[in-house]
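These are my notes from one sitting with a structure that was new to me.

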Amino acid sequence: MTTLVRSTDTLTRDALAVLQPGFVGTTAPDWLLRRIGEGLSAVGLFGRNIVSPGQLAALTAQLRAERDDVLVAIDEEGGDVTRLEVRTGSSFPGNYALGTVDDTDLTRAVARELGRRLAECGVDLNWAPSADINSNPDNPVIGVRSFGADTALASRHTVAYVEGLQSSGVAACTKHFPGHGDTNVDSHHALPRIDVDLDTLHARELVPFRAAIAAGSKAVMSAHILLPALDPNRPATLSPQILTGLLREELGYQGLIVTDGMEMQAISAAYGIERGSVLAIAAGADAICVGGGLADEETVLRLRDALVAAVRDGELPEERLADAAARVRALADWTRRARGAAGEPGAASQEGTAPGADIGLVAARRAVRVTSGEVPYEPLTSPPYVAAFTPVANIAVGDETPWGVAAELAAILPGTTTDTYGSAADGTTDTPSLIGNVLGLAGDRRIVAVVRDVHRHPWMADALDALIEARPDTVVVEMGVDRAEPRGVLHIATHGAARVCGRAAAEVITGKGAGG
């Protein structure tokens, strides 16, 4: 007996339903609205799509005028990874800062306020939080995006974040399953490999995901990583053993499984986005995230057609595609009900006027850790020179978001100036020349050296040592993972580079804090 696949229209709608594409511009292009009308069930937003809360609310209203239940997703972790405040830096510290404070009520409150702002702008799916255990301190892509290296701590804060976010009516998407923390490769560039045994995975990586599932996380995002103990052949995103066998069957997860960005090199270089998307859905994924780099109609059509062809060729069971599309629609129904309960988005609040608007700064202040040198420190009263030792930003963070302390210091001490110093392409630098430039530009002003993950960058550590040798009164602000030994007359670890982290550091440097 011949089994007939469903009509082309139904297949096409299901294939569109599982895509979460991006686009270019601050208003929805005609092609996107047309595809939403044809069955596209989700849209992903990035920094390039956002100018202000009001503009974002108008954009999401434009999308929902075409289809009321379209999912509007965003990668808004807070901290270093922000899309809402991509041009200014985030009003919220990231996971590492929250884990450092280790107050789950605070984490829940921060996530609730972040979710409230997203919901007010019409966003209802957040590709956050990161539940990765930062077990490898040299990890080039996770770092401060993790709550920390302690499994129990990461688990309880993942739960608090999921609860806070979803209490605002925004679906959480816990990532990067089954855990990206023990990698030394950025999956944006290549395929990372984690060579640990099953016992370690269950005792470490999987614990926060079990907790998130128990807390009701509406979505889980897969990682483009190879874990030979689970599947020696395919990365997690494309692995039936990992997505279906482990996540669905063993862990009992019934929510939406979303892939990480399919144009990332870990997938696209080896499989191509069309083949990768078919394999991901076949493996158990329900939604294909694409659009960080490929953000055009052609990409949507290529993926749609690849999925339809795979069903017709018998490579992808039509029941699997239908199940994936149904899970997307089920989440869309949940978010629509949540929006109805909370009220439709209206005029978006600006920072400082909304309920709980200061919670991010409160959290950033609590996350600061200060180590004094041998010489007593006197708060600055005159404008300093800020030397920002800047590593190459990873793609998840992006290089368009400002970070540091110079702007916040200048607000307190007008006349503060700054320059940025980096390394050559091979990771080296001419330290004497660099320090000569810093000293020459600083003159007789106090120097504030800002670093990020100094333990991962030998050139940065060498420059910092040489600067402190020349100017022992240098203040050091570490805005990444604080693994290096504290140095300087005053060492301030902010545990993240969000704008509020910079403000908290500036308050310490000047003695102008909440009580100063």
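**Entry 1: a loop residue.** I started with D102, which is found in the loop between α4 and α5. Helices (H or I, at least four residues) and strands (E, at least two) are DSSP runs, numbered from the N terminus. The model is predicted, so I noted the limits: local features need pLDDT of at least 70, side-chain atom pairs count only at pLDDT 80 or more, and totals for chains, interfaces and linings use all residues. Residues are numbered from 1 along each chain as its sequence is written, and side-chain values use heavy atoms, with hydrogens and water left out.

**Entry 2: backbone angles.** I looked up phi for D102 and found a value near 55°, positive in a residue other than glycine. D102 is partly exposed, with a relative accessible area of 32%. For my scale, buried means under 20% relative accessible area, exposed over 50%, and partly exposed in between (1.4 Å probe, protein chains only). H495 also has a positive phi, near 65°, and is not a glycine. I found H495 in the loop between β14 (490-493) and α17. H495 counts as buried at 3% relative accessibility.

I then went through the peptide bonds. The bond from A128 to P129 is cis, with omega near 10°. P129 sits in the loop between β4 (125-126) and α6 (151-167). The bond from K175 to H176 is cis as well, with omega near 0°, and H176 is in strand β5 (residues 171-177). I wrote these down because most residues other than glycine have a negative phi, and most peptide bonds are trans.

**Entry 3: cysteines.** How many disulfides are there? I took a disulfide as a pair of cysteine sulfur atoms within 2.5 Å, and by this rule the count is zero. C173 is in no disulfide, and the nearest cysteine sulfur, that of C289, is 8.5 Å away. C173 is buried, with a relative accessible area of 0%, and C289 counts as buried at 6%.

**Entry 4: salt bridges.** I counted a salt bridge where a side-chain nitrogen of Lys or Arg is within 4 Å of a carboxyl oxygen of Asp or Glu. The structure holds 38 salt bridges. I looked at a few of them in turn.

R499 forms a salt bridge with E85, with the closest N and O atoms 3.0 Å apart. This pair links distant parts of the chain: R499 is in helix α17 (residues 499-510), E85 is in the loop between β3 (71-74) and α4 (95-101), and they are 414 residues apart. E85 is buried, with a relative accessible area of 14%.

R366 and D103 also meet in a salt bridge, at 3.2 Å from N to O. Here too the link joins distant parts of the chain, with R366 in helix α13 (residues 359-367) and D103 in the loop between α4 and α5 (104-120), 263 residues apart. Both residues are partly exposed, R366 at 39% and D103 at 22%.

E507 and R503 are four residues apart in helix α17, so about one helical turn separates them. E507 counts as buried at 7% relative accessibility, whereas R503 counts as partly exposed at 39%. I also noted a network of salt bridges that links D75, E77, R83, R145 and K175.

Entry 5: In what order do the six strands of the open sheet run? The order is β9-β14-β13-β12-β10-β11, and the pairing is mixed. I counted two strands as paired if DSSP finds at least two bridges between them. β9 (369-372) and β11 (417-421) stand at the edges with a single partner strand each, so one side of each has no neighbour in the sheet. The twist averages 20° from one strand to the next.

Strand β13 (residues 475-478) pairs with β14 in the parallel sense over four bridges, and E478 has A493 in β14 as its bridge partner.

Last, I returned to α17. This helix lies across β9, β12 (447-451), β13 and β14, and runs at about 160° to β14. Contact means heavy atoms within 4.5 Å; axes are lines fitted to C-alpha atoms, for helices over the stretch in contact, and angles run from 0 to 180 degrees between N-to-C directions.
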